[in-house]
Amino acid sequence: MKKVELVEAVATATGLTKTDSAKAIDATLEAITGALAKGDKVPLVGFGTFAVSKRAAREGRNPRTGETVKIAARKAVTFKAGSALKDSVN
């Protein structure tokens with residue numbers, strides 16, 4: 001599902017215009033992004049939890065040359081699906 005299709009689905013389900021639905025979706029995504037940037041978890045009951053995890057520095061290999069490459073430590077966004085989401089998919 002693309003963002004345009006999501007906007008249409010939200011507009012249909014809520015009775016909002018497509019413009020208002022797009023604004024609501026954008027505001028939701030910005031709020032989630034802002035919370036993750038601060039290091040907070042974002043649990044959405046029945047859907048899942050967005051969180052930030054720390055990845056340690058490590059060594060990897062360049063697949064073309066086989067040369068050892070240092071990979072810097074970084075933060076990564078993780079998502080753990082909730083039980084309701086898992087049940088709806090299976």
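These legends accompany a set of close-up views of one predicted model.

**View 1. Helix α1 and the glycine that follows.** Helix α1 covers residues 3-14. Just after α1 comes G15, where the chain takes a positive phi of about 80°.

**View 2. Helix α2 from end to end.** Here we follow helix α2, which covers residues 18-37. With 20 residues, α2 reaches 28 Å from its first C-alpha to its last, close to the 28 Å expected at 1.5 Å a residue. The residue to look for beyond this helix is G39, which follows α2 and has a positive phi near 95°.

View 3. The buried residues of α2 are S21, I25, I32, A35 and L36. Seen down the helix axis, these buried residues fall within an arc of 105°, so they line one face of α2. They pack against α1, β1, β2 and β5. On the face turned away from this buried side, you will find the exposed residues T19, K23, E30, A31, T33 and A37.

View 4. S21 sits in helix α2. Its relative accessible area is 0%, so S21 counts as buried, the cut-off being under 20%. Setting aside neighbours within four places in sequence, S21 is in contact with V7, V10, A11, T14 and L16.

**View 5. The salt bridge between D26 and K3.** A search of the whole structure finds two salt bridges, and this view shows the one that D26 forms with K3. The closest N and O atoms of D26 and K3 are 2.4 Å apart. The pair links distant parts of the chain, with D26 in helix α2 and K3 in helix α1, 23 residues apart. D26 has a relative accessible area of 28% and so is partly exposed. K3 is also partly exposed, because its relative accessible area is 44%.

**View 6. The salt bridge between E8 and K18.** Side chains of opposite charge can pair when their charged atoms come close. In this view E8 forms a salt bridge with K18, and the closest N and O atoms are 3.8 Å apart. Once again distant parts of the chain are linked: E8 belongs to helix α1 and K18 to helix α2, ten residues apart. E8 counts as partly exposed because its relative accessibility is 35%.

**View 7. A76 in strand β5.** Strand β5 spans residues 74-81, and A76 lies within it. A76 is buried because its relative accessible area is 6%, under the 20% cut-off. Not counting residues up to four places away in sequence, A76 touches A51, V52, S53 and R55. One of these contacts, V52, is 24 residues from A76 in sequence, yet the two C-alpha atoms are 5.6 Å apart in space.

**View 8. A nonpolar patch on the surface.** L44, F47 and F79 form a nonpolar patch on the surface. Together these three residues have about 260 Å² of accessible area. F47 is found in the loop between β1 (42-44) and β2 (48-55). With a relative accessibility of 40%, F47 falls between the cut-offs of 20% and 50% and therefore counts as partly exposed.

**View 9. R61 in strand β3.** R61 has its place in strand β3, residues 58-61. Its relative accessibility is 62%, over the 50% cut-off, so R61 counts as exposed. Leaving aside neighbours within four places in sequence, R61 is in contact with G66, E67 and T68. For a sense of scale across the model, R61 and T28 are 33 residues apart in sequence and 38 Å apart in space, C-alpha to C-alpha.

**View 10. K23 and E59.** K23 counts as exposed because its relative accessibility is 55%. Between K23 and E59 there are 36 residues of separation along the chain, and their C-alpha atoms are separated by 42 Å.

Conventions:
Residues are numbered from 1 along each chain as its sequence is written. This is a predicted model: local features need pLDDT of at least 70, side-chain atom pairs count only at pLDDT 80 or more; totals for chains, interfaces and linings use all residues. Side-chain values use heavy atoms; hydrogens and water are left out. Patches are made of residues with over 30% relative accessible area and no salt bridge: like charges are joined within 9 Å, nonpolar side chains (Val, Leu, Ile, Met, Phe, Trp, Tyr) within 5 Å. Accessible areas come from the Shrake-Rupley method with a 1.4 Å probe; for residues, only the protein chains shown count as cover. A salt bridge is a side-chain nitrogen of Lys or Arg within 4 Å of a carboxyl oxygen of Asp or Glu. Helices (H or I, at least four residues) and strands (E, at least two) are DSSP runs, numbered from the N terminus. Buried means under 20% relative accessible area, exposed over 50%, partly exposed in between (1.4 Å probe, protein chains only). Contact means heavy atoms within 4.5 Å. The expected span of a helix is 1.5 Å times one less than its number of residues. The arc is that of the directions from the helix axis to the C-beta atoms.
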